[in-house]
Amino acid sequence: MQTAIVALDQYLDNFSVLLKKIDVTEVETLVNLLTEAYKNDRFVFIIGNGGSGANASHLSQDLGKGTLHDFDKQKRLRVMSLTDNTPCILAYGNDLGYDRIFVEQLKNFAHPGAVLLAISGSGNSPNILKAVDWANTNGLTTVGITGYDGGKLKKMCHHSLHVPSFNMGAVEAVHAVVFHYLVEVLCVRFRAVAEGRRGGFPLSRRGLSRSVQERSERSKPLYRA
């Protein structure tokens, strides 16, 4: 928790340092998992609470729409945020307990081979851990997207994307930056899949520039907001 006011330039400097602590191999693993899910028509589920829940909804929307280059003919990623069905969440929370709001939805929709992206800044949210435990037991591939020290979530998931900070706001903001990067890269990757190209390149500084440039050159503007 922040105990003193930090000047804006210092805050931005600290944030820049934190961004550079992201493990590129973790991001590359996530890109490859989502690409394989796309190729093989596997569902991607996303869960989170609070700000992480907002990131889950945002990422779901971006992965569903932001990876498109052709609204009429392109195959689409099957993606769903389990944070968005308010009546369902309230029903399970009221009748069974808040720790079951995600796992009960997974029981409706999930299948072996699906991917679960579990976002938790602390890595210790009970409803996230319960959902991941069920997913691990039922053949899903799990990715823990965490901050702090990773908590229990980092240890129990098959894969991890970890932001090493105890500033929750900074953790959520870095997650959002990485998620937008994912959409940039996957838009190019999915187009490569559609055209029978490999579409693989290293997620280095050069890889980032190439992905953004290729998307800009090959895609029509799809956003109005």
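**Close-up views of a predicted model**

**View 1. Surroundings of Leu117 in the predicted model.** Leaving aside residues up to four places away in sequence, Leu117 touches Leu30, Leu34, Val44, Phe45, Ile46, Ile47, Leu59, Val143 and Ile145. Leu117 is also one of the residues that touch the most other members of the largest nonpolar core, a group that includes Leu34, Val44 and Ile46 as well.

**View 2. The largest nonpolar core, with 35 residues.** Val27, Leu34, Val44, Ile46, Leu63, Leu117 and Leu182 are the members that touch the most others. Two or more residues each come from the helices α1 (8–19), α2 (24–39), α3 (50–66) and α8 (168–194), and from the strands β1 (44–47), β3 (115–120) and β4 (141–146). The largest share, 11 residues, is supplied by α8.

**View 3. Another core, of 19 residues, apart from the largest one.** Among its members are Ala114, Ala118, Leu140 and Cys157. In soluble globular proteins, nonpolar side chains tend to be buried together.

**View 4. The whole chain, with nine helices and five strands.** Read from the N terminus, the order of elements is α-α-β-α-β-α-α-β-α-β-α-β-α-α. Of contacts between residues at least 6 apart in sequence, 68% link residues at least 24 apart. The chain comprises 225 residues, of which 45% count as buried.

Notes:
Residues are numbered from 1 along each chain as its sequence is written. This is a predicted model: local features need pLDDT of at least 70, side-chain atom pairs count only at pLDDT 80 or more; totals for chains, interfaces and linings use all residues. Side-chain values use heavy atoms; hydrogens and water are left out. Helices (H or I, at least four residues) and strands (E, at least two) are DSSP runs, numbered from the N terminus. Buried means under 20% relative accessible area, exposed over 50%, partly exposed in between (1.4 Å probe, protein chains only). Contact means heavy atoms within 4.5 Å. A nonpolar core is a set of buried Ala, Val, Leu, Ile, Met, Phe, Trp, Tyr and Cys residues joined through side-chain atoms within 4.5 Å.
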